Amino acid sequence: MTTTSLEVCYDFPFFMQEELEEIFNAHEKTSFQKGDFILEEGKTANEYYILDSGLARSFVNDFNGNEVTTHFFVENEVIIEVLSMFQRVPSQENIICITDCECWKLDYDTFQELFHKIPNLREWGRLWMSKELFAYKQRSVEMFTLSATKRYLNLLEQKSKVVQFAPLKQIASYLGVTDTSLSRIRKELVSHPKKN
């Protein structure tokens, strides 16, 4: 495992080299196998991870007991359940590995120490949170304003690994469509690529 994912994740112009080194050194290498839970519903998140390689997803169970994918995590992204970690409450979501995953882990207590010690980490955190909030808002608006085909094409463009490795059912639930609809969309894109 390299530190590239840490460098990408903590890419913030105001960090000094010694601050970055301290932050990087606080992370611990950790591995998960395909099917491992990173976080289970009902448990409180005590760490976050930076994904070095692999693919993971978060999901909830709807009122009928069906799994609904809420997010896909790809390389260089932070795997976190923000509400559980920072409000210290049990998670409503599950986070599970779709493939084998290599990660860098930072536990809650260490993060708190660094957060109070390094002002630039607080600034980085604010910037990260605002980007995430923007992305979630954008996604919620697109669920109503874009066609299912366009949402699928956006996912393909932004996170192609998801389309490569995630099962159809998980992608369909993330896009808010049925498996059958997604199969039809994929077939149409293959037979008429120029139309979209």
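Predicted model: local features only at pLDDT ≥ 70, side-chain atom pairs only at ≥ 80, totals over all residues.
Residues are numbered from 1 along each chain as its sequence is written, and side-chain values use heavy atoms, with hydrogens and water left out.

View 1. Glu-113 belongs to helix α4 (residues 108-117). Its relative accessibility of 58% makes Glu-113 exposed (exposed is over 50%, buried under 20%, partly exposed in between, with a 1.4 Å probe and protein chains only).

**View 2. The salt bridge between Lys-117 and Glu-22.** A salt bridge is a side-chain nitrogen of Lys or Arg within 4 Å of a carboxyl oxygen of Asp or Glu; the structure holds seven. Here the N to O distance is 2.4 Å. Because Lys-117 lies in helix α4 and Glu-22 in helix α2 (residues 17-26), the pair ties together parts 95 residues apart in sequence. Helices are DSSP runs of H or I with at least four residues, and strands are runs of E with at least two, numbered from the N terminus.

**View 3. The salt bridge between Glu-67 and Arg-57.** The closest N and O atoms are 2.4 Å apart. Glu-67 stands in strand β5 (residues 67-73) and Arg-57 in strand β4 (residues 56-61). Glu-67 is partly exposed at 42%, whereas Arg-57 is buried at 3%.
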